[in-house]
Amino acid sequence: MLGAAPVAAFPPAVSSSPVNKMTRRFSGSCRAQRISAGYSQLEVRKVSYRPPGTEQSLLNQTSLSLPEKSFGLIFGRSGSGKTTLLQLLAGLSEPTSGSICIQKYDDSGNPTGLPELLASQRVGIVFQFPERYFLSDTILEEVTFGWPRQKADSLLRGQLALKLQNAMNSVGLSTIALDEHPQSLSGGFKRRLALAIQLVQTPDLLLLDEPLAGLDWKARADVVNLLKDLKKDHTILVVSHDLRELYPLVDRSWRMEMGGVLKEEPLPV
Ligand SMILES: Nc1ncnc2c1ncn2[C@@H]1O[C@H](COP(=O)(O)OP(=O)(O)OP(=O)(O)O)[C@@H](O)[C@H]1O
């Protein structure tokens with residue numbers, strides 16, 4: 001299990017920094033040149049997985065692709081392999097075969113460069129009932145778990161404080177007291193905190209296993225609204241049985257069939 005790591009006691013940065021609100025004006029004959037930025041997407045390519053020491057494959061040639069800043073949802077029967085796939089994506093286990101990578105494309109949809117393997121440091125995962133794994137006595141310690149406690153120079157301290165502030169802002173927790181106990185929060189706010197713990201690492205991909213499980217109707221609506229906001233800036237892949245509530249957010253969806261076979265199909269709602 002996790003040991004007691006030193007914790008930073010950095011206060012959030014005081015001033016709120018508006019994110020890129022500057023607008024540019026072009027006058028006369030001066031024209032804005034279109035920059036071809038392209039896009040990147042997560043690609044799971046024919047991934048199979050057989051746990052070490054077992055004969056049975058839990059995933060069978062699973063493939064999916066999810067463009068950046070999209071919301072993907074995997075549904076299917078209990079025991080079909082959905083959580084196993086999230087664990088592979090998070091780098092907690094290695095596929096037996098196949099690959100998990102990020103591929104860049106130009107605006108015309110042509111691949112640019114070689115695919116890059118997805119680094120586990122770039123992935124945040126929130127397990128089912130994440131509040132059960134809160135270990136610290138304060139919200140600040142929980143979010144900054146593992147940060148250097150002392151001897152950080154002022155530049156690093158400033159950067160970490162900004163990361164903390166951005167993460168708390170993005171989950172709507174910027175006004176809560178950071179010295180409160182995490183377990184004193186309501187159910188919905190505990191889920192917000194669990195998301196902030198991942199977002200503070202600025203992941204490229206956010207994986208959520210049953211984000212609405214165990215919440216009352218109000219907290220569920222609260223988390224759905226939060227995910228709608230997060231979707232604007234993050235690539236999110238969710239495993240859930242709560243199809244009706246998440247339906248408005250979903251860009252791509254897949255059914256996981258028993259035996260770990262994944263098929264892209266619309267949500268049956
Ligand atoms: N390390 C392992 N060794 C052997 N079997 C495993 C291992 N991990 C998971 N399983 C089995 O693999 C199957 C798929 O499990 P998984 O948790 O991925 O399913 P799931 O679709 O997420 O189910 P649920 O919806 O209930 O969470 C289950 O039958 C599970 O018992």
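Analyst: First, a definition: the expected span of a helix is 1.5 Å times one less than its number of residues. Helices (H or I, at least four residues) and strands (E, at least two) are DSSP runs, numbered from the N terminus. This is a predicted model, where local features need pLDDT of at least 70, side-chain atom pairs count only at pLDDT 80 or more, and totals for chains, interfaces and linings use all residues. Residues are numbered from 1 along each chain as its sequence is written.

User: How far apart are the end C-alpha atoms of α4?

Analyst: Helix α4 covers residues 187-199. At 1.5 Å a residue, its 13 residues should span 18 Å. The model agrees with that, with the end C-alpha atoms 19 Å apart.

User: How many of the 13 residues of α4 are buried?

Analyst: A residue is buried if 20 or more other C-beta atoms lie within 10 Å of its own, exposed if 12 or fewer, and partly exposed in between; C-beta atoms are placed from the backbone. The buried residues of α4 include Phe189, Arg191 and Leu195. The cover over them includes β6, α2, α3, β7 and α5, contact being C-beta atoms, placed from the backbone, within 7 Å. Helix α4 is largely enclosed by the rest of the structure, because the buried count is 12 of the 13.

User: Which strands stand at the edges of the open sheet of six strands?

Analyst: Two strands pair if DSSP finds at least two bridges between them. The order is β6-β7-β8-β3-β9-β10, with mixed pairing. An edge strand has a single partner, so one side of it is left without a neighbour in the sheet; these strands are β6 (123-126) and β10 (261-264).

User: Which residue of β10 is the bridge partner of Trp254?

Analyst: Strand β9 spans residues 252-257 and runs antiparallel to β10. Four bridges join the two. In β10, Trp254 has as its bridge partner Glu264.

User: What is the order of the open sheet of four strands?

Analyst: β1 and β2 pair in the antiparallel sense over six bridges. Eight bridges join β1 to β4, and four join β4 to β5. The order is therefore β2-β1-β4-β5.

User: Which residue takes a positive phi in the hairpin of β4 and β5?

Analyst: Strands β4 (residues 97-105) and β5 (residues 111-117) run antiparallel. Lys104 has Thr112 of β5 as its bridge partner. Five residues lie between the strands of the hairpin, and the one with a positive phi near 90° is Gly109.

Technical notes: Contact = placed C-beta atoms within 7 Å. Axes fitted to C-alpha atoms, helices over the stretch in contact; angles between N-to-C directions.
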